[in-house]
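Welcome, and please open your viewer. We will take a short walk through one protein, picking a few things to select along the way.

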Amino acid sequence: MKEIVINGVRIRPGQSLNIEIAIARLPTHTLIDLPVFIRRAKEDGPVVLLSGGVHGDEINGIVAVRRMLEEEVINPIKGTIIFIPLVNVYGFLSNSRTFPDGRDLNRSFPGSKKGSLASQIAFILTNDIIPQIDYGIDIHTGGRMLSNYPQIRVDYKDKKGMELAKAFGTHFILNSPHIDKSFRKEAYKRRKHILVYEGGESMRLDDYAVEEAILGTKRMLIHLGMIEGQLEARHTIMVKESSWVRAKVSGIFTASVKLGDEVKKGQVLAKISDPYGQLKIPIKATNNGFVVGLNNNPVVNSGDALVHVGKVGD
């Protein structure tokens with residue numbers, strides 16, 4: 001039987017434990033903890049991490065993991081599920097993606113015990129969480145005013161990751177090579193497989209993106225034999241590469257496509273106009289594909305990312 005020890009606490013088969021890992025204090029001297037919730041079945045099996053809020057302003061992931069923690073259907077009949085609904089408490093408190101010093105936790109791995117705050121939390125995840133897990137789903141959103149249609153990001157070279165991505169079965173699977181110093185790459189270096197789910201935008205709750213995160217997680221856990229349920233067939237589109245169509249001029253941006261739409265090369269995706277009605281510039285697709293991301297900001301500057309088009313063929 002696999003031994004699971006987190007922050008010096010041993011989790012035995014059949015146990016449900018909540019652990020609070022002390023991080024540091026705020027300037028007010030308030031102690032900040034990293035709450036970790038563990039649900040272990042009596043029968044041995046895979047250990048899966050479900051995490052949200054690595055970027056503190058990405059609320060959909062926090063809500064999705066919290067809901068899965070609350071729902072009885074996520075309790076494992078085999079193996080262990082580790083829930084960390086909110087990884088970046090500091091960013092959450094300040095409605096910020098990053099830490100107070102501007103560092104991005106997802107570019108701070110493997111971290112350091114004596115480094116920046118982001119580095120210290122990366123160190124905790126690297127040494128207390130990653131060694132315990134086999135697989136994980138790290139739930140993210142798009143950036144400020146940038147919304148992502150539900151998608152899994154995985155390196156196509158990772159065969160096990162691809163198997164899990166297909167089992168997760170949301171709308172799109174994007175080929176996303178591992179990024180240096182990221183949570184996902186640090187896990188992969190240790191032969192663990194973490195999928196990144198993207199849905200919605202930061203600082204905005206998106207019920208559909210949250211629901212897709214939960215349904216996909218359930219499908220993956222059923223595939224792993226960890227929870228009960230029937231696997232439903234889902235049509236998932238493989239996106240081998242993607243690129244943003246950018247604004248050629250500044251002005252008022254009006255999209256004529258929606259998230260998830262299929263588009264053809266040369267199709268008008270949007271128009272940019274000036275405030276005075278003197279200028280109206282069409283923005284056209286440069287290739288066939290699907291809209292996997294969209295800028296929701298009505299006022300854009302030249303060079304801004306507008307429509308993220310996933311390419312599936314010529």
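Let's begin with the lining of the largest pocket, where there are 9 nonpolar, 12 polar and 10 charged residues. Keep in mind that you are looking at a predicted model.

**Stop 1: the pocket.** Select Arg107, Arg153, Ser176, Ile179 and Glu198: of the 31 residues lining the largest pocket, these lie nearest its centre. The space inside is about 550 Å³. Now colour the elements that each give two or more residues to this lining: strands S7 (135–142), S8 (146–154), S9 (172–175), S10 (193–201), S12 (241–246) and S19 (305–311), together with helix H5 (183–189).

**Stop 2: a helix.** Next, select helix H3, residues 117–129. Its 13 residues reach 17 Å from first C-alpha to last, close to the 18 Å expected at 1.5 Å a residue. Which residues of H3 are buried? They are Ala118, Ser119, Ile121, Ala122, Ile124, Leu125, Thr126, Asp128 and Ile129. Show what covers them, including strands S1 (4–6), S3 (16–25), S4 (31–40), S5 (47–52) and S6 (80–84), as well as H5.

**Stop 3: the cores.** In soluble globular proteins, nonpolar side chains tend to be buried together. Here the largest nonpolar core has 69 residues, and Ile6, Ile82, Phe83, Ile84 and Leu125 have the most contacts inside it. Click on Ile84: beyond its neighbours within four places in sequence, its contacts include Leu34, Val36, Leu49, Val65, Leu125 and Ile129. Finally, select Val245, Ala270, Val307 and Val309, which are among the 16 residues of a second, separate core.

How values were computed
Residues numbered from 1 in each chain as written. Predicted model: local features only at pLDDT ≥ 70, side-chain atom pairs only at ≥ 80, totals over all residues. Heavy atoms only, no water. 1 Å grid on protein atoms, 1.4 Å probe; cavity = no way out; pocket = protein on both sides within 12 Å on 5 of 7 lines; lining within 4 Å. Points joined across faces, edges and corners; volume = space filled by probe spheres on them. Helix = DSSP H or I, 4+ residues; strand = E, 2+ residues; numbered from the N terminus. Nonpolar A, V, L, I, M, F, W, Y, C, P; charged D, E, K, R; others polar. Core = buried A, V, L, I, M, F, W, Y, C linked by side-chain atoms within 4.5 Å. Buried < 20%, exposed > 50% of the residue type's maximum accessible area, 1.4 Å probe, protein only. Contact = heavy atoms within 4.5 Å. Expected span 1.5 Å × (residues − 1).
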